[in-house]
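Trainee: Could you take me slowly through one part of this model, and then show me how its surroundings are held in place in terms of side chains?

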Amino acid sequence: MDKPDDMTHQNKLRVGVIGAGILGARHARVWREMTDVELVAVCDLDAARAENIAQQSNARAFTDYNALFAAAKLDAVSIATPDHLHRAPVLAALAAGLHVLQEKPLATNADDARAIVEATATSGKIVMVNFSQRFVTDHLWLHDAIARGEIGKPRMVLSVKHDNLSVPTEMIRGWAQATSPLYFMSSHDLDLAHWFLKVDPVRVTAQETRGTLDALGIPVHDGLNALIQFDGDIIANFHASWIHPNTYPRVADGFMQIIGDAGALTYNNRTRAAELFNARGGQKIEFTGVHTADIVDGKITGAFVSSLQHFLQCIRETREPDTSPRRVLPTALAQAAILDALSSQQPISLA
C-alpha cells in the first residue's frame, strides 16, 4: 500500500461523503465532529439533500461523484449509497486515488464483491467495509468469550433479525426491491458469525416467503431462512424478515445464540443481555452504556464512531482494516449464494 501523505499525520484528513441518506448523514456528522478530520464535500443525487448536509459543515455539495473527485481535493471518502450501488462509486474513488470507507454490505452480488476486492488489491489504498457492529462493547465481549473457550468448540449458530414494515415501505421504499433483509439487516449478523467462528462459509441452502410486500407493489420477499455450513462442520441458521407490524416496539430486533460442545451463549439485541452456560454454571450479563450511535454531550458516540476511527487509524498506520473487502468477501459470497439457492431451490457450494 502507498504510504499516506504527510498531511494525514500533521493536518486534518480531508473527507467526502457520497450518499446523503440516513447513514450518509451519520457519516457526515461523525466526520464533522472529529477534530482531526475536515468534511470537504457531500454528494447525493438529491441536490437539496446534499446541500442540506453540506451546509452544516461549510462543505461543498455535489450531485455527481465524478465531479466531486475532479473539483474537491480529498484524501478519503465515505460511500453510503444504497446496498446494490456500491461497486461503481468505490471503483471510481479508488481510481481517483482515495482511501474508501464503504457501508455494508460489500455488494449484493458476487461479481461486484470480487471487483471491489480486486480493485482494492491493485489500488494501494485503504478500503474498509463499515461493519460497525464489531465495535459494539456487547459483541466484543461475546467474541472474547468464544475465543477464551467458554463454550468449547462452536457447533451451531442461530441468528434471528427482523425489521418493521416501515423499513421497506417507507425508509427505503425507492430501492427495497433491489436488496433484501439478508443484506439490509442480516449483513451484520453474518459478519459477526464469521468473526466469532473464524472459519469461512462453505455451503448454503435457503427458503423464502413472499406476498405481503408484493401486494404493496414492492417485488421482494418478506423474509427468508438460510442454512449456512461453515468450515469445520459448524452449522448456522439465519432468519431475516422485515414485515413486523409498525406497532412493534423496535424497528430492528433479534437475537443470536452460539452453541458449542462445552456450553451455550445467547445474546438479546433489545435487552442487551447475554446468558452463558457451561460446566461451571450459568451467568447473565447485562450491558449498559453507549451502543452503536448514541448522542452524548451533543455528539454521536458508540460503535459507529469507533469503526470510523479504526478506518482513520489504518490510513495513518498503512495497515489493512479488520473489515477490509478481502477479509469480508466470504460473507458477501455466502449472501450471493443464498439468493442463488432461493432461485435454484438447490444447495450452493462455496468451495
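Mentor: In helix 3, which spans residues 47-55, the residues Ala 50, Ile 53 and Ala 54 are buried, where buried means under 20% relative accessible area, exposed over 50% and partly exposed in between, with a 1.4 Å probe and protein chains only. Helices (H or I, at least four residues) and strands (E, at least two) are DSSP runs, numbered from the N terminus. Because these three residues cover an arc of only 100° around the axis, they fall on the same side of helix 3; the arc is that of the directions from the helix axis to the C-beta atoms. In general, an α-helix has 3.6 residues a turn, so residues three or four places apart point the same way.

This is a predicted model, in which local features need pLDDT of at least 70 and side-chain atom pairs count only at pLDDT 80 or more, while totals for chains, interfaces and linings use all residues. Residues are numbered from 1 along each chain as its sequence is written, and side-chain values use heavy atoms, with hydrogens and water left out. The mean pLDDT (the predictor's confidence in each residue, from 0 to 100) of the protein chain is 96, and 97% of its residues reach 70 or more.

The buried residues of helix 3 pack against helix 2 (22-33), strand 2 (37-43) and strand 3 (60-62), whereas the face turned away from the buried side carries the exposed residues Ala 48 and Gln 55. At the N-terminal end, helix 3 is capped by Asp 46, one of whose side-chain oxygens lies 3.1 Å from the backbone nitrogen of Ala 48.

Rings of Phe, Tyr and Trp (its six-membered ring) pair if their centres lie within 6.5 Å, and planes under 30 degrees apart count as stacked, over 60 as edge-to-face and the rest as tilted. The pair of Trp 31 and Phe 311 is tilted, with 6.4 Å centre to centre and 55° between the planes, and both residues are buried.

Another side-chain arrangement involves Arg 26, whose charged end sits over the ring of Phe 304, 5.0 Å from its centre; a charge sits over a ring if NZ of Lys or CZ of Arg is within 6 Å of the ring centre and within 35 degrees of the ring normal.

Key
Contact means heavy atoms within 4.5 Å. A polar contact is a pair of N or O atoms within 3.5 Å; within protein, one must be able to donate a hydrogen and the other to accept it, and residues adjacent in sequence count only if both atoms are side-chain atoms.
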